[in-house]
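I opened this notebook to keep track of what I looked up. The entries follow the order in which I checked things.

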Amino acid sequence: MVAMQIHIVYAHPHAASLNAALRDESVATLEGLGHTVTVSDLYAMQWKAVADYDDFGPTENEHFMAAAGEAWDKGQVAPDVRAEQERLLAADLVILQFPLWWYTVPAILKGWIDRVFTNGFGYGTSRDWPRFGDGVLAGKRAMVVVTTGAAESHLSDRGVNGSIDDLLFPLQHGVLFYAGMQVLPPVVVTGAVHRFGDAEYADAAKLLRSRLETLDETESIAYRKQAEDYDDAKRLKPGLEPEGTTGFALHIA
């Protein structure tokens, strides 16, 4: 396995939680494999979760996205934001780890996305800006590690919560792949409730370790690149999908 620079963005408020134990498991496993690991523990950092004009330095631009782009161009992005951007630029693999709250990421992690994936770094406003498979972070990989109280059956294709792949689509496709990263299949730990005991933890840790130990062998999710598979109206070109395919599945080759 080739040694990599791996950055973990971690979001859980309790220092003795299941998530904290799994984070430590990840760091120990990855470092044991010879990788270099950095961690942004958002709660411990007291990460500011609201994107606002304070992130941009002096500006007279009243349009928020334009002000963000101006700050990027002038090197005036807030120091904490710039530090996170530099960690992403240095990383070969980015891991986002969090509990699934109300079908999505905790607010502090959403705030990290809002502030770090700023205009000029995570996205651009011009028609020609590279996205969905291309962009500033192209060539890097990303993976989600998520815990959820719901059982595996609840998160299946007919489960009451909906498919976990559908729930994670906005994050994996709409943020990570959008910014250019290739996205590995997620590590999903289900049934993470008060009945989660030693045996359940051992299974979860084994699953996580096995995924981390096989990073080189793991194929990324085959999301379709905008530059190749979509027309000028940003619609999937006819004939690319298997007959009867609809919804999010259209965007996976």
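**Entry 1: two backbone spots**

I looked up F132 and found its place in the loop between helix 4 and strand 4 (141-147). Helices (H or I, at least four residues) and strands (E, at least two) are DSSP runs, numbered from the N terminus. F132 is not a glycine, yet its phi is positive, about 50°. I then went to K234, in the segment after helix 7 (226-229). K234 also is not a glycine and has a positive phi, of about 60°.

I note that this is a predicted model, where local features need pLDDT of at least 70, side-chain atom pairs count only at pLDDT 80 or more, and totals for chains, interfaces and linings use all residues. Residues are numbered from 1 along each chain as its sequence is written, and side-chain values use heavy atoms, with hydrogens and water left out.

**Entry 2: the annotated domain**

I took from UniProt the feature "domain: Flavodoxin-like fold" (unreviewed entry), placed at residues 4-206. UniProt positions are given in the numbering used here, feature names are shortened, and annotations may be inferred rather than shown by experiment. Over residues 4-206 I read 35% helix and 15% strand, with the end C-alpha atoms 21 Å apart.

**Entry 3: helix 3 against helix 4**

I found helix 3 (residues 79-90) packed with helix 4 at an angle of about 85°, the axes being 9 Å apart. Axes are lines fitted to C-alpha atoms, for helices over the stretch in contact, and angles run from 0 to 180 degrees between N-to-C directions. Helix 3 and helix 4 are therefore roughly perpendicular to each other (65 to 115 degrees). In contact (heavy atoms within 4.5 Å) are D80, V81, E84, Q85 and L88 of helix 3 with W112, R115 and V116 of helix 4.

**Entry 4: pockets**

I searched for pockets on a 1 Å grid over the protein atoms alone: a pocket is an open set of points where a 1.4 Å probe fits, with protein on both sides within 12 Å along at least five of seven lines, and lining residues have an atom within 4 Å of a point. The largest pocket holds about 190 Å³ of space. Its lining has 13 residues, and T104, V105, P170, L171 and V175 are the closest to its centre. Helix 5 gives the most to this lining of the largest pocket, six residues. I put the second largest pocket at about 160 Å³. It too is lined by 13 residues, with S17, L18, N19, A192 and V193 nearest its centre.

Definitions and conventions. Grid points are joined across faces, edges and corners, and a volume is the space filled by probe spheres set on the points. Angles under 35 degrees count as roughly parallel, over 145 as roughly antiparallel, 65 to 115 as roughly perpendicular and the rest as oblique.
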